[in-house]
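Here is a short walk through one protein model. Keep the sequence and the 3D view side by side as you read.

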Amino acid sequence: MTGTVHFSTSLRPHRSLSPEGFRWLIGAAVLASLAIGVPMLAVGAWPVFGFMGLDVLLLYLLFRHSYLDLRRRETVVLTDRELIVERVAPDGEREEHRLDAYWMRLEMDADAERLAAVSRGSRLVLGRFLSPGERRQLAEELETAHARLRGR
C-alpha cells in the first residue's frame, strides 16, 4: 500500500442465527419430525416418517451451505492514491481491485440496493452481501474519508 490510510474496513456477511442457535433449531426440527413421524409410522403411513426425515436433512444442508458463505469477506482501504478492494470468496479465491482515489466517486441507487465506486471509467460494486442500511453506512463513512482526502 502506498500513502496514508484514510479509511479501512473489513466487510462480512451477517448471519442472525448463531451456531448454537443452529444446533437448537435442528434439535427442535428433529423432535418435531419424530413427534409427527412416529405416530404416522405406527398407523402404517410410513412414507410420512421418511419425508419428515428428508425435511430435517434438507433444513440442515441448507443452513450448512448458508454458513459456508460466512467465509466471504471484502476489505476496503482508501489511501492517498487509491481505493483498494480485496475480495475473498467462500472457496478462498482472492481478487484485488484498485481505483484512483482522487477521481473516485460513489454511486448508490435510491433504495441502496447497489453501491459502486467509479473512477476513470472503472466501476466497482462494493458490499454486495450487505443490507441496504449497512450499505448506506459504508457509503457515508467512505464519502467522509474521501472528502477529507480531497480537502487536503
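Begin at E74, which is found in strand β2 (residues 73-79). Helices (H or I, at least four residues) and strands (E, at least two) are DSSP runs, numbered from the N terminus. The model is predicted: local features need pLDDT of at least 70, side-chain atom pairs count only at pLDDT 80 or more, and totals for chains, interfaces and linings use all residues. Residues are numbered from 1 along each chain as its sequence is written, and side-chain values use heavy atoms, with hydrogens and water left out.

E74 is buried, at a relative accessible area of 3%. Buried means under 20% relative accessible area (1.4 Å probe, protein chains only). Its neighbours, not counting residues up to four places away in sequence, include L11, V85, V125 and F129. Contact here means heavy atoms within 4.5 Å.

Now turn to helix α1 (residues 19-42). Its 24 residues should span 34 Å at 1.5 Å a residue, and the end C-alpha atoms are 34 Å apart, which agrees. The expected span is 1.5 Å times one less than the number of residues. Buried residues in α1 include F22, I26 and A29. What covers the buried residues of α1 includes α2 (46-68). Just after α1, G44 takes a positive phi of about 95 degrees.

Next comes an open sheet of 3 strands, in the order β5-β6-β7, with antiparallel pairing. Its edge strands, β5 (105-108) and β7 (122-126), each pair on one side only. Two strands pair if DSSP finds at least two bridges between them. β5 is joined to β6 (residues 115-119) by 4 bridges. R105 stands opposite V118 in β6.

Key:
Buried < 20%, exposed > 50% of the residue type's maximum accessible area, 1.4 Å probe, protein only.
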